[in-house]
Amino acid sequence: MTRQADFQHPRFAQAYARVAELVDRRGAYEHRRRLLAGAEGRVIEIGAGNGRNFAHYGPGVTEVVAVEPDDVLRSLATAQAPSAPVPVSVVPGHAEALPSGDGAFDVVVVSLVLCSVPSQPRALAEAARVLRPGGELRFYEHVRSPNPALGLLEDLITPLWRLAAGGCHPNRNTLEAIRRAGFEVTECDTFGFSPQPGMPRMTHVLGRART
């Protein structure tokens, strides 16, 4: 069984927080804006990190429950929450055991988190569980490259990358995992994005799906 302690990566979390502003300047700010545009009702954000999404929730959102397992990132997100334009509560928890009853939310947000969960099927089953019937999944994730050579390279580096980057797998086919979990993908944009100078452009998907 996955435990809260399994998600503690303090060195990676501190590094992630240090570069977050640079990554946003390079394009992630606009990606986050697009991800959350028009969201309405009660929202649960899985793997909220240091709270970089909070500023992008619009007036249609009545509440955000931000779930973050890592102690370092959760403390940063908690500090960020009061400046959000909507009510945000930051709580401990992880994607495979969400602290919520069934059908409690209108929207589930996953943002650069499905790469690092131990089990995508379990995490997505939990996302479906806490969504109301007809609820919406908003996703922004980096995925395995469709280029055969780059995809093979991602496969080869994944074991070391995962250890260095807080459990991140650069070679996951997350879009297919979303579909296998029973979601209907209604909108998806696929694009390359280099989060930091010197890094190759990684394939990202940004879109929406419904239960």
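How many residues of the lining of the second largest pocket are nonpolar, polar and charged?

## The second largest pocket

The model described here is predicted. In it, the lining of the second largest pocket divides into 8 nonpolar, 2 polar and 2 charged residues. The volume of this pocket is about 180 Å³.

Two elements, helix H4 (148-164) and strand S7 (202-210), each supply at least two residues of the lining. Helix H4 gives the most, with 5 residues. The residues that line the pocket include Leu-150, Leu-153, Glu-154, Ile-157 and Trp-161.

## Salt bridges between strands

Side chains of opposite charge can pair when their charged atoms come close. In this model the count of salt bridges comes to 14.

One of them joins the side chains of Arg-42 and Glu-63, with an N to O distance of 2.8 Å. Arg-42 lies in strand S1 (residues 41-46) and Glu-63 in strand S2 (residues 61-67), so this pair ties together parts that are 21 residues apart in sequence. Arg-42 is partly exposed, with a relative accessible area of 28%. Glu-63 counts as partly exposed at 26% relative accessibility.

A salt bridge also forms between the side chains of Arg-132 and Asp-106, at 2.7 Å from N to O. This pair links distant parts of the chain, with Arg-132 in strand S5 (residues 131-142) and Asp-106 in strand S4 (residues 105-111), 26 residues apart. Arg-132 has a relative accessibility of 32% and counts as partly exposed.

The side chain of Glu-136 meets that of Arg-210 at 3.8 Å, N to O.

Are the two partners buried or partly exposed? Glu-136 counts as buried, because its relative accessibility is 9% and buried means under 20%. Arg-210, at 33% relative accessibility, counts as partly exposed.

## A salt-bridge network

Salt bridges also link residues into a network: Asp-24, Arg-32 and Arg-52 are joined in this way.

Terms used
Residues numbered from 1 in each chain as written. Predicted model: local features only at pLDDT ≥ 70, side-chain atom pairs only at ≥ 80, totals over all residues. Heavy atoms only, no water. 1 Å grid on protein atoms, 1.4 Å probe; cavity = no way out; pocket = protein on both sides within 12 Å on 5 of 7 lines; lining within 4 Å. Points joined across faces, edges and corners; volume = space filled by probe spheres on them. Helix = DSSP H or I, 4+ residues; strand = E, 2+ residues; numbered from the N terminus. Nonpolar A, V, L, I, M, F, W, Y, C, P; charged D, E, K, R; others polar. Salt bridge = Lys/Arg side-chain N within 4 Å of Asp/Glu carboxyl O. Buried < 20%, exposed > 50% of the residue type's maximum accessible area, 1.4 Å probe, protein only.
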